[in-house]
Amino acid sequence: MKNYHVTIMSIDPDDEYGREQGDDHQKYGLSVQANNQRDAEEKGVAKFKQEYPNLPIYWVKVFED
């Protein structure tokens, strides 16, 4: 298994000023151990959904550490 960094673009639910300005986007970074990039993406998305179940996911990027 390898270490991967997963970046997920979502929103910041506490950014009222950004929402008023039309940009409340927030990047979330997660570290996971996985067999490959696809596995890392799946684990990162699952971890994100567990921690932030009500936030949308706009895109996901995976980088090997």
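Strand 1 and strand 2 (residues 25-34) pair in the antiparallel sense over ten bridges, pairing being called where DSSP finds at least two bridges between two strands. Within this pair, Asn3 stands opposite Gln33 in strand 2. The model is predicted, so that local features need pLDDT of at least 70 and side-chain atom pairs count only at pLDDT 80 or more, while totals for chains, interfaces and linings use all residues. Residues are numbered from 1 along each chain as its sequence is written, and side-chain values use heavy atoms, with hydrogens and water left out.

Strand 1 also pairs with strand 3, as the table shows.

| Partner of strand 1 | Sense | Bridges | Example |
|---|---|---|---|
| Strand 3 (residues 59-64) | antiparallel | six | Tyr4 and Glu64 |

Seven of the ten residues of strand 1 (residues 2-11) are buried, that is, under 20% relative accessible area with a 1.4 Å probe, protein chains only; exposed is over 50% and partly exposed lies in between. For the protein of 65 residues, the buried share is 31%.

In sequence order the elements read β-α-β-α-β, with two helices and three strands. These are DSSP runs numbered from the N terminus: helices are H or I of at least four residues, strands E of at least two. Of the contacts with a separation of 6 or more, 57% join residues 24 or more positions apart, a contact being heavy atoms within 4.5 Å. The C-alpha atoms fill a box of roughly 45 × 20 × 15 Å along the principal axes.
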